[in-house]
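Please look over the structure below.

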Amino acid sequence: MLLWTLGALWLQCLVLITASSSSEEEDGSSERDSEEHLESSSHPHWKHDDQNVWPANFYHCGGTSQSPININTRTVIFDPSLPKINLEGYDLPCKQSLKLKNNGHTLQLSLPETMRIVQGFNGVFLAKQLHFHWGTPEIPGSEHTVDNTHFPAEIHVVHYNSKYGSIDQAVSQPDGLVVLGVLLGIGLHDNENYEKILSSIKNVSTEDSDTEIPGFNVRLLLPDNLERFYRYNGSLTTPPCFQSVTWTVFNESITLSRKQMAMLEDTLKAHHSHSLTKNFRIPQPLHGRPVLCSFRELPAMEGPRSYIPYESDVDPSKDVRSKNEAQGPNSWISSGDIWATAFGTLFTVTLLSFLVYAYRQQKKYSRLKNGAKQNVIYKPASKDDV
Ligand SMILES: *[C@@H]1O[C@H](CO)[C@@H](O)[C@H](O)[C@H]1NC(C)=O
Ligand SMILES: *[C@@H]1O[C@H](CO)[C@@H](O)[C@H](O)[C@H]1NC(C)=O
Ligand SMILES: *[C@@H]1O[C@H](CO)[C@@H](O)[C@H](O)[C@H]1NC(C)=O
């Protein structure tokens, strides 16, 4: 057990060293990010099928802070200083109608600027639109992956920094956009909140068609728990791929029924009546970017993974899942791991100190012996010296 722990620690050290050196190499090459975005107007056409040639046609798509990414839950960095996200005006009155559109790339719902993020970021961010990414019934189509696994779909709620006059001005600024992302899975029941959008999807089946839907509580499209999230600096996931997005991907996912997911996957048509599916970009290289995490996970070195929810979300009435995971047998395995790690670390430190000590002693000894040899000429050579 101890040896195993030591081995794991050693590996972690190696990984850390490799990771930090590779990020140093890559950081140097990302200086020349130009502000102009002529690309968007001179190359208006792009498709998800062609995403490997986006960088050739849209300069920013070849940048070093692109989205989406894979979120590796074992290497995300717990940051207890990440502020709580506070939303305002998300509960829209039904008399306020919203435009739902098939723009040929996605299903997009326009949102009023009265919806805003008032806390959690540097400044106030105003909502502009939300849209979806999906695959087919066979191919899960989320953009972000968690531990290299795609979810069936993903929703993005796009906001822009209120210090800029419009989203057009904000979209190319490093602090221009905040996108909230939620991974969508399949559950047993219809999701009545998503039904507010999906019930009208048939009305926008052809490319560039739109319709109006009554306002509803957009907050309910997001997870109950907004306090567990991943955070990183990234980009638009479609051309022109501006690296202007502060990304938040929530750890809690949302489920739609299989039937609802199928509506998203089957209904919309794009150019030449091709069905609009697989509108996701594949995960992009991190290039040394940190991915922060607002909640703590214990290092699970063996057995099933487990974590302790971020302090403030231990609300047993609200979140059944975190409650179960915090109280289940896994937490005992994890506390065992903590002790193993602690002892392993202690042991490693002791061993290293001992080795250093032994090495120094050896050096001292051989120096003494060399000194002795010069002075005592008749000392017979011992076998150790050969
Ligand atoms: C949506 O389509 C249905 C028929 O499928 C029609 O009855 C309804 O009026 C349409 N709604 C809008 C807002 O166009
Ligand atoms: C994003 O970039 C800004 C500006 O360089 C930096 O201050 C911030 O720490 C970065 N955030 C993350 C999550 O890396
Ligand atoms: C949520 O976090 C837990 C703990 O790190 C992880 O096992 C799980 O895959 C995460 N799920 C998502 C959707 O991020």
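Predicted model: local features only at pLDDT ≥ 70, side-chain atom pairs only at ≥ 80, totals over all residues.

Residues are numbered from 1 along each chain as its sequence is written, chains are lettered from A and ligands numbered from 1 in the order in which they are written, and side-chain values use heavy atoms, with hydrogens and water left out.

**Disulfide**
- The structure has one disulfide (a pair of cysteine sulfur atoms within 2.5 Å).
- Cys61 pairs with Cys241, with the sulfur atoms 2.1 Å apart.
- Cys61 sits in the loop between helix 3 (54–57) and strand 1 (70–71), and Cys241 in the loop between strand 13 (229–234) and strand 14 (245–250), so the bond ties together parts 180 residues apart in sequence. Helices (H or I, at least four residues) and strands (E, at least two) are DSSP runs, numbered from the N terminus.
- The S-S torsion is about 85°, so the disulfide is right-handed.

**Cysteine burial**
- Cys61 is buried at 3% relative accessibility (buried means under 20% relative accessible area, exposed over 50%, partly exposed in between; 1.4 Å probe, protein chains only).
- Cys241 is buried at 0%.
- Cys293 is buried at 3%.
- Cys94 is exposed at 59%.

**Ligand 2**
- A polar side-chain atom of Asn233 lies 2.2 Å from an oxygen atom of ligand 2.

Methods. Polar contact = N/O pair within 3.5 Å; in protein donor to acceptor, adjacent residues only side chain to side chain.
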